[in-house]
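My entries follow in the order in which I checked them.

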Amino acid sequence: MRTRELTKPRHSSSAATTAFLAGPALMAGYGVVRLIGRAAGDYGPGVWWSSAHVLFLAGVLAFVPVFLSLRTPAGVRGGRRTGVRLAAGAGLLGAAAVAVQAVIDLVVGFLAADEEAMSDLFEKVQDVPGVMPAVYTVVPMLFWVGLLALVTLLALFRRGRVPGWSPLLVLAGTVMMAMSLDLLAAGAVCVGLALYPMRRGLGS
């Protein structure tokens with residue numbers, strides 16, 4: 001029993017550390033594959049689309065342990081901890097919505113024969129009441145808003161562990177991605193650099 005208690009946190013810490021690196025890297029991979037597919041003139045149903053969105057889905061899911069590991073930082077109590085948990089919760093809710101969006105993209109890409117068919121399928125999905133705000137416009141934004149709020153709060157409350165430039169990099173990365181999906185890889189690199197100092201968690 002004692003051995004299990006000693007080794008379990010190590011495995012958990014290792015998984016969280018990997019997620020901090022894997023999340024941004026997989027999202028950057030999505031951006032790169034998307035650019036390659038578009039440059040090849042074949043970014044529709046097929047290998048490029050599916051490969052890119054598998055990377056995107058994996059990247060979003062990798063952020064789940066990131067949010068979970070940062071939501072209870074040591075030395076943060078009371079209202080401050082509540083704020084951190086709310087930011088992490090918003091990020092997790094947004095991540096769920098973005099993951100659903102990625103799954104829809106994968107399914108549509110699998111079912112459609114060409115880009116026109118893809119557009120028709122997307123239109124049918126998005127015409128379902130509630131789908132647009134829940135999956136495409138409002139709730140997915142919580143992923144980025146939650147991440148930015150979380151890193152900003154941690155930079156304020158754990159100054160010795162989270163550098164002040166981390167929120168600026170998250171903001172820069174988010175703005176890049178919002179401006180154009182062609183900048184997604186660069187934006188993901190910014191987010192990765194911002195999270196790197198926190199890769200071992202803030203539990204101590």
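Helices (H or I, at least four residues) and strands (E, at least two) are taken here as DSSP runs, numbered from the N terminus. This is a predicted model, where local features need pLDDT of at least 70 and side-chain atom pairs count only at pLDDT 80 or more, while totals for chains, interfaces and linings use all residues. Residues are numbered from 1 along each chain as its sequence is written, and side-chain values use heavy atoms, with hydrogens and water left out.

**Entry: Arg158**

I looked up Arg158 and found it in the loop between α6 and α7. Is Arg158 buried or exposed? Its relative accessible area is 13%, so Arg158 is buried; the cut-offs are under 20% for buried, over 50% for exposed and in between for partly exposed (1.4 Å probe, protein chains only). I also took its distance to Gly44, which is 114 residues away along the chain: the two C-alpha atoms are separated by 45 Å.

**Entry: α7**

I went on to α7, which has 15 residues. From its first C-alpha to its last it reaches 21 Å, close to the 21 Å expected at 1.5 Å a residue. The expected span of a helix is 1.5 Å times one less than its number of residues.

Which residues of α7 are buried? I listed Ser166, Pro167, Val170, Gly173, Thr174 and Met177. Seen down the axis of α7, these buried residues fall within an arc of 125 degrees, so they line one face of the helix. The arc is that of the directions from the helix axis to the C-beta atoms. Leu168 and Met179, on the other side of α7, are exposed. The buried residues of α7 pack against α6 and α8, with contact meaning heavy atoms within 4.5 Å.

Ser166 has 0% relative accessibility and so counts as buried. Its side chain reaches the backbone oxygen of Ala194 at 2.8 Å. I use polar contact for a pair of N or O atoms within 3.5 Å; within protein, one must be able to donate a hydrogen and the other to accept it, and residues adjacent in sequence count only if both atoms are side-chain atoms. Neighbours within four places in sequence aside, Ser166 is in contact with Val151, Ala194, Pro197 and Met198.

Pro167 is buried too, at a relative accessible area of 11%. Residues up to four places away in sequence not counted, Pro167 touches Leu148, Val151, Thr152 and Ala155. Pro167 and Val151 are 16 residues apart in sequence, yet 5.6 Å apart in space, C-alpha to C-alpha.

**Entry: salt bridge**

How many salt bridges does the structure hold? I found one, taking a salt bridge as a side-chain nitrogen of Lys or Arg within 4 Å of a carboxyl oxygen of Asp or Glu. The side chains that meet in it are those of Asp182 and Arg34, at 2.7 Å, N to O. Asp182 lies in the loop between α7 and α8 and Arg34 in helix α1, so the pair ties together parts that are 148 residues apart in sequence. Asp182 is partly exposed, at 38% relative accessibility, whereas Arg34 is buried, with a relative accessible area of 10%.

**Entry: nonpolar core**

I then checked the largest nonpolar core, which has 51 residues. Such a core is a set of buried Ala, Val, Leu, Ile, Met, Phe, Trp, Tyr and Cys residues joined through side-chain atoms within 4.5 Å. Met27, Phe63, Leu147, Leu195 and Met198 touch the most other members. Among the elements that give two or more residues to this core are α1 (2-39), α2 (47-70) and α3 (78-111). The largest share, ten residues, comes from α3.

For Met27 I noted the contacts beyond four places in sequence: Phe56, Gly59, Val60, Phe63, Phe143, Trp144, Leu184 and Ala188. In α2, the buried residues include Phe56, Gly59, Val60 and Phe63.

The 24 residues of α2 should span 34 Å at 1.5 Å a residue, and its end C-alpha atoms are 35 Å apart, which agrees. The twelve residues of α4 should span 16 Å, and its end C-alpha atoms are 16 Å apart, which agrees. Asp114 caps the N-terminal end of α4, with a side-chain oxygen 3.2 Å from the backbone nitrogen of Glu116.

Last, I looked up Arg81, which lies in helix α3. Arg81 is buried, with a relative accessible area of 18%. Not counting residues up to four places away in sequence, Arg81 touches Thr72, Pro73, Ala74 and Val76.
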